[in-house]
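Colleague: I am new to this structure. Please take me through one part closely, the helix packing and the pocket beside it.

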Amino acid sequence: MKSHPLIKQAREKMEKSVETIRTELNHLRTGRPSAALLEEIKVDYYGTPTPVSQLSTISVSEGRMLVVKPWDKNLISSIEKAIQASDLGINPSNDGSVIRLAFPSPTTDQRKHLAKKAKSIVEEGKIAVRNVRRDIMKTIKEKKESGEFPEDDAKALENELQKVTDEYVKKLDEVYEEKEKEIMEF
């Protein structure tokens with residue numbers, strides 16, 4: 001059976017919400033560093049604020065260290081200053097060719113705080129998914145009242161929309177569980 005265009009539209013919007021939440025959670029600092037932590041940090045490159053990730057190679061080494069290797073050695077001090085000015089709370093060390101960022105293991109309290117923040121980010125995603133459902137429900141109701149949809153078709157669409165909504169709320173719960181596990185591992 002081919003899915004109704006309204007259900008397809010709901011799925012697309014809900015999928016975007018889930019992806020947005022995944023991206024936002026990647027920027028959340030956990031016990032292990034990732035290159036995504038530096039995505040928001042920008043450096044002035046010939047008058048243009050440019051993300052560090054577009055000016056260098058970023059790799060994870062030794063489990064708790066990020067290594068930033070700028071393609072242009074002249075940028076090393078600018079990148080270092082941008083990292084120091086960011087809210088990462090990490091002091092970079094530079095040996096003239098690469099910048100090393102050592103990430104200490106978060107304390108138990110910091111982990112709990114990060115898990116709580118992740119939960120709050122996922123709740124925002126659930127709200128976005130439910131808002132999509134609300135908007136599509138409104139459209140279905142309007143089409144039913146105008147006579148465009150028969151009562152039975154409208155009811156079937158509403159039920160299908162609820163199933164899709166439940167599916168995406170469950171996906172967000174899974175995304176949270178995965179992130180929480182990552183945050184809490186030592």
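Modeller: Here is a walk through the helix contacts and then the pocket.

This is a predicted model, in which local features need pLDDT of at least 70, side-chain atom pairs count only at pLDDT 80 or more, and totals for chains, interfaces and linings use all residues. Residues are numbered from 1 along each chain as its sequence is written, and side-chain values use heavy atoms, with hydrogens and water left out.

Start with helix α1, residues 5–26, and helix α4, residues 151–184. Helices here are DSSP runs of H or I with at least four residues, numbered from the N terminus. The axes of α1 and α4 come within 10 Å and cross at roughly 10 degrees. Each axis is a line fitted to C-alpha atoms over the stretch in contact, and angles run from 0 to 180 degrees between N-to-C directions. α1 and α4 are therefore roughly parallel to each other; that label covers angles under 35 degrees, while over 145 counts as roughly antiparallel.

Now the residues that touch. Contact means heavy atoms within 4.5 Å. From α1, the contact includes I7, A10, M14, V18, R22 and N26. From α4, it includes L157, L161, V164, Y168, L172 and K179. By class, the contact of α1 with α4 has 12 nonpolar, 2 polar and 7 charged residues. Nonpolar means Ala, Val, Leu, Ile, Met, Phe, Trp, Tyr, Cys and Pro; charged means Asp, Glu, Lys and Arg; the others, Gly among them, are polar.

α4 also packs with helix α3, residues 108–145. Their axes lie 10 Å apart, at an angle of about 170 degrees. α3 and α4 are therefore roughly antiparallel to each other. The contact of α3 with α4 has 17 nonpolar, 3 polar and 12 charged residues.

Next, the second largest pocket. A pocket is an open set of points on a 1 Å grid over the protein atoms alone, where a 1.4 Å probe fits, with protein on both sides within 12 Å along at least five of seven lines; lining residues have an atom within 4 Å of a point. About 190 Å³ of space lies in the second largest pocket. Its volume is the space filled by probe spheres set on the points, which are joined across faces, edges and corners. The pocket has 13 lining residues, and the closest to its centre are R22, N26, E178, K179 and E182. α1 and α4 each supply at least two lining residues. The largest share, 4 residues, comes from α4. The lining divides into 5 nonpolar, 3 polar and 5 charged residues.

Definitions and conventions: Angles under 35 degrees count as roughly parallel, over 145 as roughly antiparallel, 65 to 115 as roughly perpendicular and the rest as oblique.
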